[in-house]
Amino acid sequence: RHTHRRARNANMDVSLTYANQLKGLLAKADGKDKFIALLQYAAMFASAGEPGAFLAAQKSLSAARKPFRVFKPVEFLMPLVERPPKGKGLGACLAYVKAVGMALYVGADHVVWAASAGIFADENAKARGDFFQKLSLWSWFAASVASVLTQTSDLTKALDEMSALKEDVEEDDGGKKSKNDDSKKAAKKDRLDAQRAAAANARAHMRAVVTSGAQALLALALLDKTPLSKRHVGALGVAVSLANCAALAPARKSKTE
């Protein structure tokens, strides 16, 4: 009986932990946007592009994301105004491409929504909507590719830092004992902590590379530039949205924290 009670309590703790994470995610406008995107792509996967309830749900969920992205173009461009990238090299160029690309991605999507809502009631409304839809997705593709290149560079630096710290720890292990063993142990502990931090940093950059690469592929798929079916595109969108939700969700807290 006590075992079952403990199991129920453990399950309750896990459920509450995930519920708190979801609450923290949905407390942010970005979190709401990414969570609705998850539902949107799940509906695309279920509909496989065929008319019906799931396709209607996909379109409704897409429209539901718009209020959470109203000021996103300004948010993407503000860092360029407040802290312009230093230098004129590839890194600065990629920073501009990423920021401007994301601003165009969301901004052009606003125009697409305005056209579909009938705000542009002239004979060229449909053509204008199609143009801005393509501009939005190509901008997302360009920004995602720029992010892949930036994060790959950062990942390389993080891996180099890990290798250097690992060599330092191995040299400490192979060194001779001396009267200053306590100070050496403390220094070794600091290096191990730094190595763990560098490893966590490298994993974060690796996740960013994979997610950005998947986003670039998703943009191409939505542009019908890949052989992926609508169901495959929906599955890819679900995976990307899950990764984005996980990145935005607050970290789980243990009972000791």
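The expected span of a helix is 1.5 Å times one less than its number of residues. Helices (H or I, at least four residues) are DSSP runs, numbered from the N terminus. This is a predicted model: local features need pLDDT of at least 70, side-chain atom pairs count only at pLDDT 80 or more, and totals for chains, interfaces and linings use all residues. Residues are numbered from 1 along each chain as its sequence is written, and side-chain values use heavy atoms, with hydrogens and water left out.

Q: How far apart are the end C-alpha atoms of helix H2?
A: Helix H2 covers residues 29-47, which is 19 residues. At 1.5 Å a residue, H2 should span 27 Å. The computed distance agrees: the end C-alpha atoms are 27 Å apart.

Q: Is Ser144 buried or exposed?
A: Ser144 sits in helix H6 (residues 125-174). Buried means under 20% relative accessible area, exposed over 50%, and partly exposed in between (1.4 Å probe, protein chains only). Ser144 has a relative accessible area of 2%, so Ser144 is buried.

Q: Which residues does Gln215 touch, not counting those up to four places away in sequence?
A: Gln215 lies in helix H7 (residues 181-222). Gln215 is buried, with a relative accessible area of 13%. Contact means heavy atoms within 4.5 Å. By that rule, Gln215 touches Trp140, Ser144, Val240 and Asn244.

Q: Where is Ala64, and is Ala64 buried or partly exposed?
A: Ala64 belongs to helix H3 (residues 53-64). Its relative accessible area is 32%, so Ala64 is partly exposed.

Q: How many disulfides does the structure hold?
A: A disulfide is a covalent bond between the sulfur atoms of two cysteines. Here a disulfide is counted as a pair of cysteine sulfur atoms within 2.5 Å. Cys93 is partly exposed at 43% relative accessibility, and Cys245 is buried at 8%. The number of disulfides is zero.

Q: What is the relative accessibility of Val74?
A: Val74 is found in helix H4 (residues 72-82). Val74 counts as partly exposed, because its relative accessibility is 48%.

Technical notes. Helix = DSSP H or I, 4+ residues; strand = E, 2+ residues; numbered from the N terminus.
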